[in-house]
Amino acid sequence: MMADTYRVLVVDDDAAHRTMLNTLVGGWGYEIVDADDGEAAVDAVRAQPVDLVLMDIRMVRVSGLEALERIKTINPAIPIVLMTAYASVEMAVDALKKGAYDYLIKPLDFDKLRLTLARALEHIRLRAENRRLKHQLAGGLQAPDIVGSSPAMVRLMETVAQVAVSEATVMVTGESGTGKELVAAAIHHNSPRRDGPLVKVNCAAITDTLLESELFGHEKGAFTGADRRKEGRFVQADGGSLFLDEVGEMPVSMQVKLLRVIQERELTRVGGEETLSVDVRLVVATNRDLMKMVRAGTFREDLYYRLNVVELKTPPLRERREDIPLLATHFLARFAEKNRKVVDRFSPRAMDLLIRHPWPGNVRELMNTIERAVVLARSACLDRNDFAALEPNPGDGDPDTPPGAFAVDVPLEQIERDAIVNTLASAGGNKSEAARRLGITRKTLREKLKRYNLASTKGK
């Protein structure tokens, strides 16, 4: 679609500024209609089709924010770009929460204005294309590692098919072990960026001091040990997608810098002065409640709304039990081949146990359980005995022992050690998730693992 097929509504109660914008934007090939306040803008949207609204926030009669809310009730699909000379984080967050596509600071940077309009209108085109291709893509989605035919998974993959072809930033949420990284990979491999790189970063696995260098790169001599220039993950992902796992673990100081890169699409290496432009599609994942963190002041609200353009929730395994036989069979074939074992089926009793187990560690826990059973299997058929660890524990055989009670005369350190080992096992070896369940920080968990000689325990 050519630019001159798009109609832009310019709204500003400053006549001189409105005339300048009409001339400038019209010169880029767009059809222009204008309004001198928010009320007139609402009337204009009711009266004729409008593809984009470029509107000032501060107007005497009806403000841009009020007009935005009213326009969204008429047509929520219209992208609205707001302009303001009184920039503040609170105002920006309010605009994004109310549905603004973006906001620009006066005096306007004309190059940025032109780019913002182009991106917003491209978003319209892609959204229309998504609707046309929805059913076709849902049937032909390339996601071989995602297994499941439950209603919850069908809905998830239909949404993946829709968002994959867009450029929207995606936030994948869900409990640990539900396959958030697989969803991120499916988004990339079914997107127009599929031929570009998919770069993955686990924000929880990198120390706070090194995360900036990891993401943005550094110059030689930027800090002790920086003996050569290093390109960061943003540059490595240029032309492709960048997946930030466990983004909720990112320190606030880094959140500010990430927000700037998202807004400007530019970065500077640590210790450097050169400004680098990057073209990256961002996908992030978290198992934490980021809105709760926003309220607690540990996650920036403006960054939250930048990241949460589209949210995809991965369902826990307990909500898709009908997928357990498919998943178990899939993992059985994979690990039998990997370990050169002749194991090819489950007994009905074993499968019943797998289906009934609560799986607090989700698909990751199921995968680890199947792998362990295959490695230790003594026959071609896995029976209930091969999953003895999943059997309910009736208080160590004592019917008078209440659920959750500990045996007496056991040292406190032993109880703590056992709690850590059991929680890690139930979390599928994921240290971040285990720390969350234990109510401690990941750093404290690492210290306790070292203290109890468990530091070699596998997991994130």
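What follows is a set of questions and answers about this chain.

Guide: This is a predicted model, in which local features need pLDDT of at least 70, side-chain atom pairs count only at pLDDT 80 or more, and totals for chains, interfaces and linings use all residues. Residues are numbered from 1 along each chain as its sequence is written, and side-chain values use heavy atoms, with hydrogens and water left out.

Visitor: How many helices and strands are there in the protein chain?

Guide: Helices (H or I, at least four residues) and strands (E, at least two) are DSSP runs, numbered from the N terminus. By that rule the protein chain has 18 helices and 16 strands.

Visitor: What share of the residues of the protein chain count as buried?

Guide: Buried means under 20% relative accessible area, exposed means over 50%, and partly exposed lies in between (1.4 Å probe, protein chains only). The protein chain has 460 residues, and the buried share is 46%.

Visitor: Which residue forms a salt bridge with arginine 7?

Guide: The closest N and O atoms of the pair are 3.0 Å apart, and the partner is glutamate 31. Arginine 7 is in strand β1 (residues 7-11) and glutamate 31 in strand β2 (residues 31-35), so the pair ties together parts 24 residues apart in sequence.

Visitor: Is glutamate 214, the salt-bridge partner of arginine 233, buried or exposed?

Guide: In this salt bridge the closest N and O atoms of arginine 233 and glutamate 214 are 2.7 Å apart. Arginine 233 lies in helix α9 (residues 233-236) and glutamate 214 in helix α8 (residues 208-216), so the pair ties together parts 19 residues apart in sequence. Arginine 233 is partly exposed at 22% relative accessibility. Glutamate 214, at 13%, counts as buried.

Visitor: How many residues apart are lysine 338 and glutamate 371?

Guide: These two form a salt bridge, with the closest N and O atoms 3.3 Å apart. Lysine 338 is in helix α13 (residues 324-338) and glutamate 371 in helix α15 (residues 362-376), and the pair links distant parts of the chain. Lysine 338 is exposed at 52% relative accessible area, while glutamate 371 is partly exposed at 22%. Their separation in residues is 33.

Visitor: With which side chain does the side chain of serine 213 make a polar contact?

Guide: Serine 213 is in helix α8 and is buried, with a relative accessible area of 6%. Leaving out residues up to four places away in sequence, serine 213 touches His218, Phe223, Gly232 and Val270. A polar contact is a pair of N or O atoms within 3.5 Å; within protein, one must be able to donate a hydrogen and the other to accept it, and residues adjacent in sequence count only if both atoms are side-chain atoms. At 2.7 Å, the partner side chain is that of histidine 218.

Visitor: Which residues does threonine 423 touch, not counting those up to four places away in sequence?

Guide: Threonine 423 has its place in helix α16 (residues 412-426). At 14% relative accessibility, threonine 423 counts as buried. The residues touched are Ala434, Arg437 and Leu438.

Conventions. A salt bridge is a side-chain nitrogen of Lys or Arg within 4 Å of a carboxyl oxygen of Asp or Glu. Contact means heavy atoms within 4.5 Å.
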